Amino acid sequence: MAEAQQHVDYVPVESKDILPERQAGWAMFTRAAAWGIVAVVALLIFIKVFFG
(Lines give C-alpha, C1' and ligand atoms only; values in the text may rest on other atoms or scores of the structure.)
Protein backbone atom coordinates (compact mmCIF):
# COMPACT_ATOMS: atom_id res chain seq x y z
CA MET A 1 0.00 0.00 0.00
CA ALA A 2 1.16 3.52 -0.71
CA GLU A 3 1.84 5.75 2.22
CA ALA A 4 -0.08 8.99 2.56
CA GLN A 5 1.89 12.19 2.29
CA GLN A 6 1.79 14.16 5.54
CA HIS A 7 3.83 17.16 4.45
CA VAL A 8 2.18 20.57 4.11
CA ASP A 9 4.01 23.63 2.84
CA TYR A 10 3.08 26.67 4.89
CA VAL A 11 3.51 30.09 3.35
CA PRO A 12 3.22 33.34 5.25
CA VAL A 13 -0.11 35.10 4.75
CA GLU A 14 -0.22 38.86 4.89
CA SER A 15 -3.30 41.01 5.39
CA LYS A 16 -2.83 42.72 2.01
CA ASP A 17 -3.27 39.31 0.37
CA ILE A 18 -6.66 38.51 1.92
CA LEU A 19 -8.12 41.96 2.64
CA PRO A 20 -9.69 42.58 -0.82
CA GLU A 21 -11.45 39.21 -0.70
CA ARG A 22 -12.78 39.88 2.81
CA GLN A 23 -13.94 43.38 1.85
CA ALA A 24 -15.78 42.05 -1.19
CA GLY A 25 -17.45 39.37 0.90
CA TRP A 26 -18.54 41.93 3.50
CA ALA A 27 -19.91 44.22 0.77
CA MET A 28 -21.95 41.35 -0.71
CA PHE A 29 -23.26 40.40 2.74
CA THR A 30 -24.36 43.94 3.63
CA ARG A 31 -25.97 44.41 0.21
CA ALA A 32 -27.89 41.13 0.58
CA ALA A 33 -28.96 42.06 4.12
CA ALA A 34 -30.23 45.45 2.97
CA TRP A 35 -32.19 43.93 0.09
CA GLY A 36 -33.60 41.29 2.45
CA ILE A 37 -34.83 43.96 4.85
CA VAL A 38 -36.38 45.92 1.98
CA ALA A 39 -38.11 42.78 0.69
CA VAL A 40 -39.56 41.95 4.12
CA VAL A 41 -40.81 45.50 4.65
CA ALA A 42 -42.37 45.55 1.16
CA LEU A 43 -44.04 42.22 1.83
CA LEU A 44 -45.44 43.44 5.15
CA ILE A 45 -46.78 46.61 3.53
CA PHE A 46 -48.35 44.54 0.74
CA ILE A 47 -50.06 42.27 3.29
CA LYS A 48 -51.30 45.24 5.31
CA VAL A 49 -52.69 47.07 2.26
CA PHE A 50 -54.45 44.13 0.64
CA PHE A 51 -55.42 41.95 3.61
CA GLY A 52 -55.44 44.24 6.60
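**Figure 1. Charged side chains of the protein chain.** The protein chain of this predicted model carries 4 positive and 5 negative side chains, and the centres of the two sets are 26 Å apart. Lys and Arg count as positive and Asp and Glu as negative, with His and the chain ends not counted; each charge is placed at NZ of Lys, CZ of Arg, CG of Asp or CD of Glu. Local features need pLDDT of at least 70 and side-chain atom pairs pLDDT 80 or more, whereas totals for chains, interfaces and linings use all residues. Residues are numbered from 1 along each chain as its sequence is written, and side-chain values use heavy atoms, with hydrogens and water left out.

**Figure 2. The salt bridge between Glu14 and Lys16.** The structure holds one salt bridge (a side-chain nitrogen of Lys or Arg within 4 Å of a carboxyl oxygen of Asp or Glu). The N to O distance between Glu14 and Lys16 is 4.0 Å. Glu14 is partly exposed at 43% relative accessible area, and Lys16 is exposed at 60% (buried is under 20%, exposed over 50%, partly exposed in between; 1.4 Å probe, protein chains only).

**Figure 3. Helix H1 and Phe50.** The protein chain has one helix and zero strands (DSSP runs of H or I with at least four residues, and of E with at least two, numbered from the N terminus). Helix H1 comprises residues 15-51 and includes Phe50. Phe50 is exposed, its relative accessible area being 57%. Buried residues account for 0% of the 52 residues in the protein chain.
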